[in-house]
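Take a moment to turn the model around on your screen before reading on. Then let's walk through it together, one piece at a time.

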Amino acid sequence: MPVESKGEQHIGLDSKSEQRIGLLNGFAAYGMWGLVPLFWPLLEPSGAAEILAHRMVWSLGVVVIALVVMRRWAWAGPLLRQPRRLGLITIAAATITVNWGVYIWAVNAGHVVEASLGYFINPLVTIAMGVLLLKERLRPAQWAAVGIGFAAVLVLTIGYGQPPWISLCLAFSFATYGLVKKKVNLGGLESLAAETAIQFLPALGYLLWLSSQGDATFGGEGAGHAALLAATGLVTAVPLVCFGAAAIRVPLSTLGLLQYLAPVLQFLLGILYFHEAMPAERWAGFALVWAALSLLTWDALRTARRSRMVLREAAAAATAATAATATTAATAAAEAAREAAAVTNPTTTSGTATSTNT
C-alpha cells in the first residue's frame, strides 16, 4: 500500500476542497439562472424595457463595487487603447442586450417553457456557428446531434404554428455573445463591467426619458418596488461571480454538464409553477432536443476520456524513456569509471601475480 507524505496528503485535501468549492459555486450559479423566472414577474407593473434598463444601470454599480473591493483595475487601461477589442465588447453588449430583453419579456409574457428551449438548443447553435463561421470540423456524433436539433425545430414549428422565435432568438444571441467573448478574452467580471459601461448611458437616458413622460415605475410604486428594481444588479452579477469561481476550480466537462441545470429548472418552472401548456407535439420537439443533447454530451465525455488516456500513455512513455536513458547513462558511467581506474593503476594485476609466484 503506497504511503503518502504529509505534503502529498495536504495537496490532495486542498485539491478536493477546491473542487468541492467549485462544484458548489457551479450549482449556485446555474441554480440562480434556472430560478430567475421567479424574479422578473415581481417587477410588474414595470415593462420589459424598463426592467432591462434598470438591469443595465444597477449591474454596472454592483460590478464597479466588486472591482473596487477586489482591486482589479489593471485590465481597463490596456483595453481603452485597443479599438478592436472595444468594438468586439460593443458587439457583445448589443447581443446580450437583445438576449436579456427577449428573456425578460418572454418570462413576463408567459413563455417560460419556450425561453428554456432557447438555452437547451444553445449548445447546438454554438456548434453550428463554429462550423459556419470558424470552419471547425465536426465529429460524426456532433453532426448527428445538429441534425436531430434541426428536426426538433421543425417539429416545434409545426406544434407552435410558427418557428419558435423566442427560443431561436435567445439561442442565437447567446451563442453570438459567447463567440465574441471568446475573441475578446476578458474575465467574466471584467467583461461584464466593460459591457455594462457601454450599456449604461443609453439605459440611463431611456430611464430619464421614461420618467419625464410620467411612465416610470421607479419611485412611483413604493420603496419595495424600487428596491426590487435595484436588485436586478445583484441578480445579474452574483451568479456570474459564482460561475467565475466554478470555472477555475472544476473541469470544463463538469461545467458542460452543469449548464443544463438552468434550462431544466426553467422548464420545470414553466410547467409546474406557471402552468404553461405542453401539447404532444411540443413534448415531441423537446424529446428530440434532449436526445440531441444526450448524444452531444456522450460524445464530449468520450472524447475527453480518450484525450486523458492519450495523455496518460504519453506521460508513461516519456517516463519509461527517461528511466531507460538514465539506466543507459548509469551503465555507461560505471563502465567508463572502470576503464579509468584500469588506466590510472595499470600495475595492480601484474603486482598481484608477482607476489603469488614469489
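Helices here are DSSP runs of H or I with at least four residues, numbered from the N terminus. "Buried" means under 20% relative accessible area, "exposed" means over 50%, and "partly exposed" is in between, using a 1.4 Å probe and protein chains only. This is a predicted model, in which local features need pLDDT of at least 70 and side-chain atom pairs count only at pLDDT 80 or more, while totals for chains, interfaces and linings use all residues. Residues are numbered from 1 along each chain as its sequence is written, and side-chain values use heavy atoms, with hydrogens and water left out.

Stay with α7 for a moment. The helix covers residues 165-184, 20 residues in total, and spans 28 Å from its first C-alpha to its last, close to the 28 Å expected at 1.5 Å a residue. That expected span is 1.5 Å times one less than the number of residues. Its buried residues include I166, L168, L170, A171 and Y177. Just after the helix comes N185, with a positive phi of about 55 degrees.

Now for the inside. In soluble globular proteins, nonpolar side chains tend to be buried together. A nonpolar core is a set of buried Ala, Val, Leu, Ile, Met, Phe, Trp, Tyr and Cys residues joined through side-chain atoms within 4.5 Å. The largest one in this model has 40 residues, and W40, V63, W75 and Y103 touch the most other members. At least two of its residues come from each of α2 (48-70), α4, α5, α7 and α8, with the largest share, nine residues, supplied by α4.

Who does Y103 touch? Leaving aside neighbours within four places in sequence, Y103 is in contact (heavy atoms within 4.5 Å) with W33, V36, P37, W40, A115, Y119, L170 and Q266. Apart from this core lies another one, of 25 residues, with A171, F267, M278 and V289 among them.

Next, find I271 in helix α12 (residues 261-273). I271 and V113 are 158 residues apart along the chain, yet their C-alpha atoms are separated by 7.2 Å. Not counting residues up to four places away in sequence, I271 touches V113, E276, M278 and W283.

On to charges. Side chains of opposite charge can pair when their charged atoms come close. A salt bridge is a side-chain nitrogen of Lys or Arg within 4 Å of a carboxyl oxygen of Asp or Glu, and by this rule the count comes to five.

One of them joins E190 and R72, at 2.7 Å from N to O. E190 sits in helix α8 and R72 in the loop between α2 and α3 (76-80), 118 residues apart. E190 counts as buried because its relative accessibility is 9%, whereas R72, at 31%, counts as partly exposed.

Another pairs R139 with D299, the closest N and O atoms being 2.7 Å apart. Here the loop between α5 and α6 holds R139, while D299 is in helix α13 (residues 280-344), 160 residues apart. D299 is at 0% relative accessibility, so it counts as buried. R139, D299 and R302 are linked in a network of salt bridges.
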